[in-house]
Every structure is written in C-alpha cells, then in structure tokens.
Amino acid sequence: MMKPRLWQIEWHDGMSVGIPEIDEDHQRFASLINDFNRLILDRKDLGEIRKSLQSVMDDAAQHFAHEEKLFDQWQYPDADDHANQHAQVLAAFQEIMKRFVTYGLESEWIEAGLEVKDLLISHLVNEDMKYAKFYRNSQVGASLCMQTSASPSCLLPSTGSSDEQYRSDDLAGYREE
Ligand SMILES: [Fe+2]
Ligand SMILES: [Fe+2]
C-alpha cells in the first residue's frame with residue numbers, strides 16, 4: 001500500500017539554504033502552494049484554483065530569476081545546470097495548468113496539487129541545497145583566506161563538514177514524511 005502523502009508544506013530549519021533573502025522566497029513560495037492545495041481540498045471552483053496555480057507559477061518564475069541573478073554574482077559553476085532545472089519545473093507547472101481544463105475526478109485534482117508541492121520540495125532538496133553548500137563553503141573559504149593572507153589553500157574547495165551531514169540527514173527525514 002502507498003504511503004499517504006502530506007499536502008501541506010511545513011517550513012522548518014532543515015529547509016533553510018542559509019541565505020535569508022532566498023529562505024524568504026522559499027517560504028512565500030511554499031505558502032502559495034499550500035493555498036493552492038487548500039483550494040483543491042475545499043473543492044473551490046476551477047477558476048479560483050487556476051488563478052491560484054497561476055500565482056504559484058508567477059512566483060516561481062520570479063524566484064528562479066532571483067536565484068539565477070545570485071548565481072551570476074557568486075559565479076556559481078553549476079548555474080547553467082540549475083537554470084535548466086528551473087526551466088523544467090516551470091514546464092511541469094505549465095503542463096499541470098493545461099491538464100486542469102480537463103480534470104474531472106476529484107482525485108485527479110488532488111494528485112495535481114501534490115505534484116506541484118512535490119516539484120517544489122524536490123527542487124529545494126535536490127538542487128537548491130547544492131548551491132547552499134557552495135555558498136557556505138565559499139563563505140568559509142573567504143574568511144579563512146582573510147585570516148591567513150593569500151595562501152594556495154585558498155584556491156582549494158573546502159571539504160564537507162559535519163554541519164552539512166546534519167543538514168542532509170534532516171532533509172532526508174523530511175522527504176520520508
Ligand atoms: Fe533553484
Ligand atoms: Fe529555490
């Protein structure tokens with residue numbers, strides 16, 4: 001038997017990428033998705049549900065552009081890959097929006113709502129956490145280089161810390177919920 005999937009996203013510290021302006025985006029994004037799922041569960045009319053999904057999509061586009069702007073500033077090496085993932089998430093949202101015209105069964109609507117939620121969570125866990133790690137390491141690297149003046153080790157990527165381990169365990173736990 002399939003595990004029941006929770007529709008509601010509850011923000012917790014394990015979801016933080018450690019960059020306040022992005023966490024803020026993610027929290028807003030999550031709450032828009034919660035609103036969308038709430039409308040489906042409350043069996044609101046199609047127009048309202050579509051409008052809510054449109055807000056999710058608009059917010060996603062804005063948020064993705066925000067991240068990509070930061071990638072430029074950080075010279076993040078996986079920026080292209082990540083932008084590709086963003087395009088795929090947006091395309092998946094578009095697909096769901098198109099399907100909404102023909103949805104008949106309530107279970108299909110609920111499924112679509114969960115799909116939207118899962119798209120966000122899996123992007124956050126699998127993709128955004130990669131730049132969170134890069135960002136953390138580059139911060140640590142930068143402060144070490146300031147203390148020791150420019151030594152060759154400043155050019156080396158720093159290794160993972162137990163803090164990272166903690167974070168990924170935490171998120172793995174979240175995914176299991
Ligand atoms: Fe992203
Ligand atoms: Fe993100």
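Select Q75 to begin: just after helix 2, this residue takes a positive phi of about 55 degrees. Keep in mind along the way that you are looking at a predicted model.

Now step back into helix 2 itself and select 46-74. How far apart are its end C-alpha atoms? They are 42 Å apart, which agrees with the 42 Å that the 29 residues of helix 2 should span at 1.5 Å a residue.

Next, colour the buried residues of helix 2: I49, S52, L53, V56, A60, F64 and E67.

Two packed helices are described by the angle between their axes and the distance between the axes. For helix 2 and helix 3, the axes come within 11 Å and cross at roughly 175 degrees. Because an angle over 145 degrees counts as roughly antiparallel, helix 2 is roughly antiparallel to helix 3.

To see the contact, show the side chains on both sides:

- From helix 2, select R50, L53, V56, M57, A60, A61, F64, E68 and F71.
- From helix 3, select A79, H82, A83, H86, V89, L90, F93 and M97.

What kinds of residue make up this contact of helix 2 with helix 3? They divide into 13 nonpolar, 2 polar and 2 charged.

Zoom in on A60. Leaving out residues up to four places away in sequence, A60 touches F29, V89, L90 and F93. A60 also belongs to the largest nonpolar core, which has 19 residues. Within that core, I33, F36, V56, A60 and V116 touch the most other members.

For a contrast in setting, select K44, in the loop between helix 1 and helix 2. Is K44 buried or partly exposed? K44 counts as partly exposed because it has 13 C-beta neighbours inside 10 Å. Setting aside residues up to four places away in sequence, K44 touches L39 and I49.

Finally, zoom out to the whole protein. Its secondary structure comes to 5 helices and 0 strands, and buried residues make up 18% of its 177 residues. Among contacts with a separation of 6 or more, 68% are between residues 24 or more positions apart.

Methods:
Residues are numbered from 1 along each chain as its sequence is written. Chains are lettered from A and ligands numbered from 1 in the order in which they are written. This is a predicted model: local features need pLDDT of at least 70, side-chain atom pairs count only at pLDDT 80 or more; totals for chains, interfaces and linings use all residues. A nonpolar core is a set of buried Ala, Val, Leu, Ile, Met, Phe, Trp, Tyr and Cys residues joined through C-beta atoms within 7 Å. A residue is buried if 20 or more other C-beta atoms lie within 10 Å of its own, exposed if 12 or fewer, and partly exposed in between; C-beta atoms are placed from the backbone. Helices (H or I, at least four residues) and strands (E, at least two) are DSSP runs, numbered from the N terminus. Two residues are in contact if their C-beta atoms, placed from the backbone, lie within 7 Å. Axes are lines fitted to C-alpha atoms, for helices over the stretch in contact, and angles run from 0 to 180 degrees between N-to-C directions. Angles under 35 degrees count as roughly parallel, over 145 as roughly antiparallel, 65 to 115 as roughly perpendicular and the rest as oblique. Ala, Val, Leu, Ile, Met, Phe, Trp, Tyr, Cys and Pro count as nonpolar, Asp, Glu, Lys and Arg as charged, and the others, Gly among them, as polar. The expected span of a helix is 1.5 Å times one less than its number of residues.
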